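Colleague: I am new to this structure and would like to go through it by question and answer. Could you take me through the model?

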Amino acid sequence: LDAMLMHRPDLAIHYSEFNTLELYRTILDLKQGQKAPDIVMSSAMDLQFKLVNDGYAQGYSSAVIEALPDWMRWRDEVFAFTFEPIVMVINRDILGNNILPVSREQLLTLIRNQSPLVQGKIGVSDIEKVGLGYLTWFHDSQQSRTYGRLLEAFGSHHARLYENSTAMLQALLKGEVFIAYNVLGSYAMEWSRQYPWIETVMPTDYTSVVMRTAFIHKSAINVEAAQDFLDFLLSTDGQNVMAQASSLIPISNNAVGKNSLNEVRRKTHGIFRPIPFGLPLL
């Protein structure tokens, strides 16, 4: 946003933050005559896709948009701009003589070995409140042979529910939990850099990936500025800003910086399994 203002010093940006489900409901609840946001951005791909499919977006095309691969856009109405692994995060204090788990099977082994210690010390997303949490758990149910055992282990150890990834990471830092499951990798990796005893793991059995998406609201007032923002967000310059000056992981292979996709790929990970961006999300 700061970089956008340098690009367009004639603008002012009003930014409102919600959790993913709250954002979705806010857009649905806008009454006739209420001011709509110009741009809607969210990591809950399914909720974004539903809004767009139900007619809450307006189309846009430009040279920047035309250069995007098809898997980054749908009907030139909604556009992916980050590539974010879904990770496990472990406080190393829980390990004792156990190795750091790098797969879901190893996570289950750690929970079994440290059972008394992890009672009430596992954090997961509250899927009734977090759209992204629902999406990632559903994706797990389609991909993972360990899904049922994870649910059983988390349930029997009284996992705590959190409203977003940041809340889970804060709980890890305070010692409220030792394990956080299905956390946005962009946030977790930044925390691991700041606090070395918090370890971010991209599971080696497979690593789910979500893509943050953005669209221009059908009732946007500042349409030209919204279009300019989308172009900047998806341009090489905008993607480089994300890689260099934020915790977000840009989607472009050409972005350069500490959080670039190429840097993330160098870390240990499983097969990246992006949640498909298209009609199956419905």
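Colleague: Is Arg 104 buried or exposed?

Modeller: This is a predicted model, and every value here is computed from it. Residues count as buried under 20% relative accessible area. Arg 104 has 1% relative accessibility, so Arg 104 is buried.

Colleague: With which residue does Arg 104 form a salt bridge?

Modeller: Arg 104 is in helix H5 (residues 104-113), and its partner lies in the loop between strand S9 (198-201) and strand S10 (207-210), so the pair ties together parts 101 residues apart in sequence. The closest N and O atoms are 3.0 Å apart, and the partner is Asp 205.

Colleague: Which residue meets Glu 105 in a salt bridge?

Modeller: Glu 105 is also in helix H5, while its partner is in helix H8 (residues 147-156), 44 residues apart. The N to O distance is 2.7 Å, and the partner is Arg 149.

Colleague: In which helix do Arg 193 and Glu 190 both lie?

Modeller: Their salt bridge has its closest N and O atoms 2.9 Å apart. Arg 193 is partly exposed at 39% relative accessibility, and Glu 190 is partly exposed at 22%. The two are 3 residues apart, about one turn of the helix, and that helix is H10 (residues 185-194).

Colleague: How many salt bridges does a search of the whole structure find?

Modeller: Some are linked in a network, made of Arg 8, Asp 10, Glu 224 and Asp 228. The search of the whole structure gives 16.

Colleague: What does Leu 230 contact beyond its neighbours in sequence?

Modeller: Neighbours within four places in sequence are left aside. The contacts are then Ile 39, Tyr 60, Phe 79, Ala 214 and Ile 216.

Colleague: Is Thr 136 buried or exposed?

Modeller: Thr 136 is in helix H7 (residues 131-143). Not counting residues up to four places away in sequence, Thr 136 touches Ile 86, Asn 182 and Val 210. Its relative accessibility is 3%, so Thr 136 counts as buried.

Methods
Residues numbered from 1 in each chain as written. Predicted model: local features only at pLDDT ≥ 70, side-chain atom pairs only at ≥ 80, totals over all residues. Heavy atoms only, no water. Contact = heavy atoms within 4.5 Å. Helix = DSSP H or I, 4+ residues; strand = E, 2+ residues; numbered from the N terminus. Buried < 20%, exposed > 50% of the residue type's maximum accessible area, 1.4 Å probe, protein only. Salt bridge = Lys/Arg side-chain N within 4 Å of Asp/Glu carboxyl O.
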